[in-house]
Amino acid sequence: MTTIRLPNNWIPRDYQLPAWRYMQNGGKHCELVWHRRSGKDEVGLHFCAVAAFRRVAQYWYMLPEYSQARKAIWDAINPHTGKKRIDEAFPIELRKTTRNDEMKIIFKNGSSFQAVGSDDPSKLVGSPPAGIVYSEWALSNPATRAYLRPILMENGGWQIFNTTPRGRNHAYTTLEAARHNPEAFAQVLDATQTGIFSPEQLEAELNNYIADFGEDYGRSKFEQEYLCSFDAANLGAILARQITISERAGKISDDVIFDPNGQPIQISVDIGRRDTATWWFWQPTIGGYNIIDYDSGFGIDAEEWAERIHKRLCKYELSGSRNPLGCIWLPHDARTKTFSAKESAIEIFLKFFGNDKCDITPQTSIADRINAARVIISRVRFNETNCKVGLDGLRAWSYAYSDITKTFGSAPLHDWASHDGDGFSYGCQIMQMASPPPPPLEEMKGLYVGQTDVSLNDMWKQSPKQTNSRI
C-alpha cells in the first residue's frame, strides 16, 4: 500500500511558515498580501489538501473569474517540475473521481476540491464549503464573500485571502480588519523582504514592466505587484481618485442620512449580465446629492426585487405623509422579455409602484455617462456604512486595458465592478438632467410697533412736531 504524506513533496519556505502554522493550528481568517511569485497559491493548494483529509467536507479555490480558475489553477503547470499544480497538491492515488468539466476532484475519503470563479455567484451552489481560498482577492467580486461568510461561520470553516494590492479597495478593508482581530492572521510581504529576488532582478523586472505597459502604468503595476503598495496609482480606474478626494473631504460618512424634510428618493439601477443588479438611492439636496442607501444581489428576479426595494423604502418617511419614492430609473434592458418571464422588468415595477414612479433612463453613450459621473461625483455625499459595497465597486471600476495597443480603451472593463459603475453613472446622468430642488422658504419677518389698529391720522397726531423759533 502506497503511503502519501500531506503536504505532498512540499515544504513551506521560511517566510511562509508563520501563515502555514497559523492555519495548521486551526486558524480561520488568514490574509496574505504577498508579492508576485511568492508562492501564495502553493500555500493555498497544499493547505486545501491537508484540510480535506482532516475533515470530510467541500473546499473551494476561487479566482476572480471562472476562466482564470481553469488557467491559473486547474490547467497550470509548475515550470520547475513540469507537473500540473493540482497533481502535485492532490496526488492521483487520493482521488476517487476527477471531473474536468466542473474542475472538481472527489477524494476517496468523501471530501472534494473545486476551482471556481467569483464572477458568477449563482453557480456557487451545492453543499456548503468548509474552507475557501480567495486568490487574487483584490480583483474578485466582494459580494461572494458577503454571500459565503455566514456559511463558513455556521459550519466552523476557514478562509484564506491572498492578493497583491489594487488600491485601497475591499482587499485593504479585509486586511485592516484582520490586523485588528487578535484571532486572525495578516501579513504583508514585498519582494525586498522574502529574498526571492536580488536588487538587480527587481530592477530588471521594473524595466520589463515599463517596456510592456509604458512608464506610468508599468511602474504602478510593479509597485503594486512587487512592493505590495496600496497607494500606487491605480491607473485605468475611472472614479477611484475622486472617491479618495471625497473621503478626505469628509463626504463619505455615516453623518450622511435621509432628510425627512427633503426631496423624494431617486433610485438608479443597473440590471447586468448574469442577473446581477445594483441599486443607488439618491436624495437631492441644495447644491448636491446624498446617496443614503445601496443594494445589490444576484439571481433575484424582478418580482423579488420590487418587494425588496419596497421594504427598504419603508425605512424612510417624508414629512407631510409624502411618498418617499420619487422615481425608479431602470436601464434599457428592463424592457426585455424572456421565454421564462411573461412580463418585462419595467412592466413588473410599473405594476408594483405605479406609472408615475418608474421610468427608463434616457439612452446615451458610455462616454457621456462616464463624463456625467465625473462631473456629478464632486457634488455627491455617501453614507459610509450603507454604501460600503457600492463604493468598493466604484473604486475598482476601470477601463479595459489592451495588451496589443498597450493602452486603456474608452469603455469600462466588464467585470463585477462594472455593475456598480453603471448603476451610479445612470444616476449621475439623471441628476445632471434634473432641476435642482428649490431653496427652503425663508421665514417671514416683521416689526411689531405696539398697537396695530392705528389710523394714519392717529399716527400723525402722536408723532413729534418740529417747531421753528426766531433767535
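Against which elements do the buried residues of α7 pack? I opened the notebook with this, keeping in mind that the model is predicted.

**Entry 1: helix α7**

I looked up helix α7 and found it at residues 199-213. At 1.5 Å a residue, its 15 residues should span 21 Å, and the end C-alpha atoms are 21 Å apart, so the two agree. I then listed its buried residues: Leu-202, Glu-205, Leu-206, Tyr-209, Ile-210 and Phe-213. Looking down the axis of α7, I found these buried residues within an arc of 140°, so they line one face of the helix. My opening question is settled here: they pack against α8 (215-225) and β15 (399-402). On the face turned away from the buried side I noted Glu-200 and Ala-211, which are exposed. Just after α7 comes Gly-214, and I recorded its positive phi of about 95°.

**Entry 2: aromatic rings**

I searched the whole structure for aromatic pairs and got 36. One of them is Phe-90 with Phe-107, a tilted pair with 5.7 Å centre to centre and 55° between the planes. Phe-90 sits in the loop between α4 (85-89) and β3 (95-99), while Phe-107 belongs to strand β4 (residues 104-107), so the pair ties together parts that are 17 residues apart in sequence.

**Entry 3: the six-stranded sheet**

In what order do the strands of the open sheet lie? I read off β13-β12-β9-β10-β11-β14, six strands with mixed pairing. The edge strands are β13 (358-360) and β14 (380-382), each of which pairs on one side only. From one strand to the next, the twist averages 30°.

I reminded myself that strands of a sheet pair through backbone hydrogen bonds, either parallel or antiparallel. Strands β9 (residues 265-271) and β12 (residues 325-330) run parallel, and four bridges join them. I picked out Gln-266 and found its bridge partner in β12 to be Cys-327.

Last, I checked which helix lies across β9, β10 (276-285), β11 (288-298) and β12. This is α10 (residues 302-313), and I noted that α10 runs at about 140° to β11.

Key:
Residues numbered from 1 in each chain as written. Predicted model: local features only at pLDDT ≥ 70, side-chain atom pairs only at ≥ 80, totals over all residues. Heavy atoms only, no water. Pairing = 2+ DSSP bridges. Helix = DSSP H or I, 4+ residues; strand = E, 2+ residues; numbered from the N terminus. Axes fitted to C-alpha atoms, helices over the stretch in contact; angles between N-to-C directions. Contact = heavy atoms within 4.5 Å. Expected span 1.5 Å × (residues − 1). Buried < 20%, exposed > 50% of the residue type's maximum accessible area, 1.4 Å probe, protein only. Arc of directions from axis to C-beta. Phe/Tyr/Trp six-rings, centres within 6.5 Å; stacked < 30°, edge-to-face > 60°.
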